Amino acid sequence: MNTKDIVYIALFAAVTAVLGLFPPITLPITGVPVTAQSLGPMLAGAILGARRGGLSILLFVVLVALGLPLFSGGRGGFGVLLGATGGFIVGWVISAFVIGLLIEKFWDRLNVINAALSIAVGGIVVLYAIGNLWVSI
């Protein structure tokens with residue numbers, strides 16, 4: 001890993017943190033907020049690829065676990081990872097990795113449709129499968 005990779009990883013962790021400045025919309029049924037911050041893993045995976053995208057979101061999650069209030073609404077700390085939103089937060093790392101993997105797989109024939117499908121599969125199907133499983137438990 002070179003300096004450029006480290007800078008990109010840190011940059012997309014910061015982009016994900018900045019997306020948390022937008023106010024959340026909390027769903028009354030699940031108690032899990034819908035935030036603009038969910039775009040962070042999608043962007044990281046699609047732009048940086050699987051390895052760097054997953055590492056950037058992992059860095060973000062580690063910073064939050066250490067207590068930095070980077071989540072939407074100024075939340076942070078390890079306790080947030082154990083709450084109802086914990087599955088979605090862990091799912092962000094896997095989602096960014098899957099999106100990056102799919103984008104890399106379709107790179108030779110990448111177009112808007114392939115990119116949108118890759119982001120939909122990784123950002124919606126994978127993320128909600130992990131997050132909803134956590135909420136149900």
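Not counting residues up to four places away in sequence, Thr 35 touches Pro 24 and Ser 72, a contact being defined by heavy atoms within 4.5 Å. The model is a predicted one, in which local features need pLDDT of at least 70 and side-chain atom pairs count only at pLDDT 80 or more, whereas totals for chains, interfaces and linings use all residues. Residues are numbered from 1 along each chain as its sequence is written, and side-chain values use heavy atoms, with hydrogens and water left out.

Thr 35 is placed in the loop between strand S2 (33–34) and helix H2, where helices (H or I, at least four residues) and strands (E, at least two) are DSSP runs numbered from the N terminus. With a relative accessibility of 14%, Thr 35 counts as buried, the term denoting under 20% relative accessible area, with over 50% exposed and values in between partly exposed (1.4 Å probe, protein chains only). A polar atom of the Thr 35 side chain lies 3.3 Å from the backbone nitrogen of Gln 37.

The protein as a whole contains six helices and two strands, which follow the pattern α-β-β-α-α-α-α-α along the sequence. Its radius of gyration is 14 Å, close to the 14 Å that the globule rule gives for 137 residues, so the protein is as compact as a globular protein of that length; the radius is taken over C-alpha atoms, and the rule is 2.2 Å times the number of residues to the power 0.38. Of the 137 residues, 39% count as buried, and among contacts between residues at least 6 apart in sequence, 62% join residues at least 24 apart.

Helix H1 has 17 residues and reaches 24 Å from its first C-alpha to its last, close to the 24 Å expected at 1.5 Å a residue, the expected span being 1.5 Å times one less than the number of residues. The buried residues of H1, including Ile 9, Phe 12 and Ala 13, pack against H2, H3 and H5.

Helix H3 (residues 50–65) has 16 residues and reaches 22 Å from its first C-alpha to its last, close to the 22 Å expected. Among the buried residues of H3 are Gly 53, Gly 54, Ile 57, Phe 60, Val 61 and Val 64, and the buried residues of this helix pack against H1 (3–19), H2 (39–48), H4 (78–82) and H5 (86–105). An α-helix has 3.6 residues a turn, so residues three or four places apart point the same way. H3 is followed by Gly 67, whose phi is positive, near 115 degrees.

How values were computed
A polar contact is a pair of N or O atoms within 3.5 Å; within protein, one must be able to donate a hydrogen and the other to accept it, and residues adjacent in sequence count only if both atoms are side-chain atoms.
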